Amino acid sequence: GGRARQVADAAIAVLAEHGARGLTHRAVDQAAGLSPGTTSNYARTREALLTLTLTRIAELDLAEGAARVAGSGLADDVAQMVHQWIIEPGRRRRFLARLELAFEATRRPELRVAYDEMGRGFRTEAARLLAAAGSAHPERDAWTLIAWVEGTAFYALAGAGGAEVPSLAELRAQVTGLLASLCGDDAGAA
């Protein structure tokens with residue numbers, strides 16, 4: 001319900017701001033402006049809190065993805081998505097929170113399962129879009145496209161690329177070149 005979403009949204013903000021170590025039930029209560037103990041009602045354990053947060057991120061990402069796919073074209077859509085992740089505060093927070101969860105998942109098998117399941121959903125969707133764009137190897141190319149998307153956002157937000165954030169035009173040029181190499185005329189030659 002609405003209260004669970006409020007808790008999850010506050011947890012996203014806490015993760016982005018303070019990292020995984022700062023994610024406590026009390027910190028989420030405070031960030032959400034809820035009375036102490038509220039977060040515990042929705043997520044008893046730390047594991048449950050991490051999973052609740054991940055589920056909310058997936059829900060928001062998928063809702064946005066669905067809205068975006070109705071757009072102009074794959075290169076534009078992907079470039080816009082990455083640009084928003086980098087510059088728009090809410091999406092930027094969500095991407096940073098997702099990175100924190102990715103690192104946590106390397107140490108927590110249950111979270112790993114949930115994280116990988118979320119990732120499979122995105123890869124399936126990417127493969128579908130790439131097949132429609134003419135990829136001869138949509139499964140393999142989905143991996144490449146997602147690696148570009150996540151790597152580019154990581155480089156701009158947490159890596160050494162933050163000093164010079166790429167413009168939307170630069171991102172569009174990069175992803176257009178990538179898609180041409182994946183879905184171009186020579187795709188069948190591979």
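Student: Which residues does Y115 touch, not counting residues up to four places away in sequence?

Tutor: Contact means heavy atoms within 4.5 Å. By that rule Y115 touches L54, R98, L101, A102 and A105. This is a predicted model, in which local features need pLDDT of at least 70, side-chain atom pairs count only at pLDDT 80 or more, and totals for chains, interfaces and linings use all residues. Residues are numbered from 1 along each chain as its sequence is written, and side-chain values use heavy atoms, with hydrogens and water left out.

Student: Where does Y115 lie, and is Y115 buried or exposed?

Tutor: Helices (H or I, at least four residues) and strands (E, at least two) are DSSP runs, numbered from the N terminus. Y115 lies in helix α7, residues 109-132. Buried means under 20% relative accessible area, exposed over 50%, and partly exposed in between, with a 1.4 Å probe and protein chains only. Y115 has a relative accessible area of 12%, so Y115 is buried. Its C-alpha atom is separated by 7.1 Å from that of A105, 10 residues apart along the chain.

Student: How should I read the angle between α5 and α9?

Tutor: Axes are lines fitted to C-alpha atoms, for helices over the stretch in contact, and angles run from 0 to 180 degrees between N-to-C directions. Angles under 35 degrees count as roughly parallel, over 145 as roughly antiparallel, 65 to 115 as roughly perpendicular and the rest as oblique. Helix α5 (residues 74-87) and helix α9 (residues 168-183) pack at about 135 degrees, with axes 8 Å apart. At that angle, α5 is oblique to α9.

Student: What about α1 and α6?

Tutor: The axes of α1 (residues 2-18) and α6 (residues 89-105) come within 8 Å and cross at roughly 75 degrees. Therefore α1 is roughly perpendicular to α6. On the α1 side, I12, A13, L15 and A16 meet R93, R94, L96, A97, E100 and L101 in α6.

Student: What is a nonpolar core, and which residues have the most contacts inside the largest one?

Tutor: In soluble globular proteins, nonpolar side chains tend to be buried together. A nonpolar core is a set of buried Ala, Val, Leu, Ile, Met, Phe, Trp, Tyr and Cys residues joined through side-chain atoms within 4.5 Å. Here the largest has 26 residues, and V78, L130, L145, W148, V149, V175 and L179 have the most contacts inside it. Two or more residues come from each of α5, α6, α7, α8 (138-157) and α9. The largest share, eight residues, is from α5.
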